[in-house]
2 protein chains.
Amino acid sequence: MIQIAIMGFGTVGTGVAKVVSENARQIERKLGEPLQVKTILVRHFKDGPYRQLMTDDFTRIEEDDGIRVVVEAIGGVDAAYTYTRRALLAGKHVVTANKQLVAERGCELLELARKKNVSYLFEASVGGGIPVLHPLTQCMAANRIDEVYGILNGTTNYILTRMVRTGAFFSDALREAQAKGYAEADPSADIHGIDAGRKICILADLAFGSQVDPAAVPMEGISKLSLRDVKIAQRAGYRIKLLGRAVRMPGGGRTAYVAPHLIPEENPIASVEDVYNAVMVRGNATGDVMFYGRGAGELPTASACVADVMECLQASPRRDEISWSSDTSGFEDPQELRTRYYFRIEGSLTDAAMAFGQVEVLSEDGETAFLTDPISGRDAARQSGFLNVLACMRVLA
Amino acid sequence: MIQIAIMGFGTVGTGVAKVVSENARQIERKLGEPLQVKTILVRHFKDGPYRQLMTDDFTRIEEDDGIRVVVEAIGGVDAAYTYTRRALLAGKHVVTANKQLVAERGCELLELARKKNVSYLFEASVGGGIPVLHPLTQCMAANRIDEVYGILNGTTNYILTRMVRTGAFFSDALREAQAKGYAEADPSADIHGIDAGRKICILADLAFGSQVDPAAVPMEGISKLSLRDVKIAQRAGYRIKLLGRAVRMPGGGRTAYVAPHLIPEENPIASVEDVYNAVMVRGNATGDVMFYGRGAGELPTASACVADVMECLQASPRRDEISWSSDTSGFEDPQELRTRYYFRIEGSLTDAAMAFGQVEVLSEDGETAFLTDPISGRDAARQSGFLNVLACMRVLA
């Protein structure tokens, strides 16, 4: 009998208890013995089948030598950080889906785990139930990773899908997402690209092996996106998606950012719809590899946590692949990245040509929409300085 | 310095040497020391940069205690099986991309590896450079896997893509694939579904935990596929793809087979084109998860082998997740599986209705093409007995 604790009993915590119970047979077959939730840390006691296991006293977990793995499902940084540290210091493996904590303090917590000879795993923090971090760090370990990009937030992808399919305005699509439970009452972390931003930081940390400071990563959401651009892009064979993107730069540096992009419809990521997520990883040997599935939800996320619990227990004493250096140097402003740009301006084609020389015209009808040749973000801003810009987005090559 | 040997120096073996050399820096950073190819087993010596390392004497590998991992890139069963056994018996980890050997003798070789406390890993045997087997067995370990299906053969997918896009006949598309180097001079293992069949056996072994005997798995290829069906399917919103499919049956049994299917165009696997592969895994907690990328090729396949080499070295002494029971009982004839069926018959709608009752008509123009309600393969065969059947395929739900 292997005993674990769950800290926090919201969506993810409840899901972990459910998966441990519902898939007990599969889990026992693989571990060789049953897995049991022994203690659940909560702030407020709730009635139900798990009432007996609940405590509001963290030392009941910290001081219990019977508990080998702790699932941190508290969320945020403050209490989650404190208890994760103390659990690692107490020699327990810790597993989490907490992207904010991993993006901000992951490097330090991994280092602490290494010193205490235990694991700190967080597959569920990116892509929910979609395996991404393990494949990236293990199965693609013989590659130099040159780029990672993806649809990392289901809420915004749902909103964009509704805008494309039904011609809904952003605000209406957001209300629909909230009514369906896909968007939270306060959806700002999703629609402003912050949730996707934390995930691309974690992907960049693992892909390039050095810490990316979330504060240095520009995060742009979809709140300013106009239905007009969605339609123009679609007619020209593109889809607009909110991408988190991390790129190895030609000079050896690296960059990361979140922003809406025009994506050619032949790219499989262009067809990723509704609340689905997808992550594309470009390795110098494998080429492009894509991971696709539901990026959130109680059971998918929880099942990834439980798989990490099993991984902690099977890897004795711990696995070393998941780590990165705390060195944040070498991070470049994504404005240095050269891509084609989409512009919609109030003005004529002559204005566009005066600013950018030759452009590919997508639409000209009172307003003018066009694609530039590949240029840096800096040049895109400088050259469009005298134009009346209504919309500006990068085009994924 | 960690030393490995390569057995066989064709496409995969050469690729492994290339990846070890080209990505030496990435590999050393992760392993903590350099990786070196020490010995290469060949039948015929070839000139080139690796000439010094070549031998035609297997005992030079078997008896060399400096060699910790052997990459088997011989292919087929005979010599590959013998040398793999002897390498495992000599206490060396073995890594391979050899799907035939794994499908036929994998269970036995895994058991031998377990006894000798070493690893036998074969991520590259399914999907080339696409991570599939590790994610399935590790990251989805907390799931009950209910179904796995995929486009497992790039050659046939390329041919189908050409038929759809350009309206080419099967034979012309095959010649084009051969001219481009995507199909071998003798393409029979590809076009008759045997290559995909070996891969779906391995996926079924790992997904359901019990041996699937390749001889029990019906394998149908695309050689009989008509352009007419491709066009009818497409107009009705379907794509035709050759799928390997493994399903957990309602009664607890399992089945597997390879056959062309009609796939609704909304399913992301319907848009997988050219030589790309994709594998969809359905877990009871994660839902559908898809893995996509180039399923073959020298460097992708080789990089998966090298990642497995690294995995052998990092997991001390070995990892246990990748294994299955030798019990072949519980395998059911895929004819028991209930799906909708596509039929094209020489005859009228009345004939169709007399055979199947209500059907969904796709085309009626001299011939009649239609979809049935979900029925077993047995019933599909029985009820169509008196019809003049020109084409018959399952529809993926």
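Trainee: In β4(A), which residue is the bridge partner of Ala5(A)?

Mentor: Keep in mind that this is a predicted model. β1(A) and β4(A) pair in the parallel sense, over 5 bridges. Within β4(A), the partner that bridges to Ala5(A) is Val70(A).

Trainee: And on β2(A), what is the bridge partner of Ile6(A)?

Mentor: Strand β1 (residues 2-7) of chain A also runs parallel to β2 (residues 35-41) of chain A, and 6 bridges join them. Look along β2(A) for the residue bridged to Ile6(A), and you land on Ile40(A).

Trainee: Which are the edge strands of chain A?

Mentor: Walk across the open sheet of 6 strands in chain A: the order is β3-β2-β1-β4-β5-β6, with parallel pairing. An edge strand here pairs on one side only, and that leaves β3 (54-55) and β6 (120-121) of chain A.

Trainee: Why is β1(A) largely enclosed by the rest of the structure?

Mentor: Count a residue as buried when 20 or more other C-beta atoms lie within 10 Å of its own. β1(A) is largely enclosed because the buried share of its residues is 5 of the 6.

Trainee: At about what angle does helix α4 of chain A run to β4(A)?

Mentor: Helix α4 (residues 78-89) lies across β1, β4 (67-72), β5 (93-96) and β6 of chain A. Relative to β4(A), the helix runs at about 165°.

Conventions: Residues numbered from 1 in each chain as written. Chains lettered and ligands numbered in written order. Predicted model: local features only at pLDDT ≥ 70, side-chain atom pairs only at ≥ 80, totals over all residues. Pairing = 2+ DSSP bridges. Helix = DSSP H or I, 4+ residues; strand = E, 2+ residues; numbered from the N terminus. Contact = placed C-beta atoms within 7 Å. Axes fitted to C-alpha atoms, helices over the stretch in contact; angles between N-to-C directions. Buried ≥ 20, exposed ≤ 12 C-beta atoms within 10 Å, placed from the backbone.
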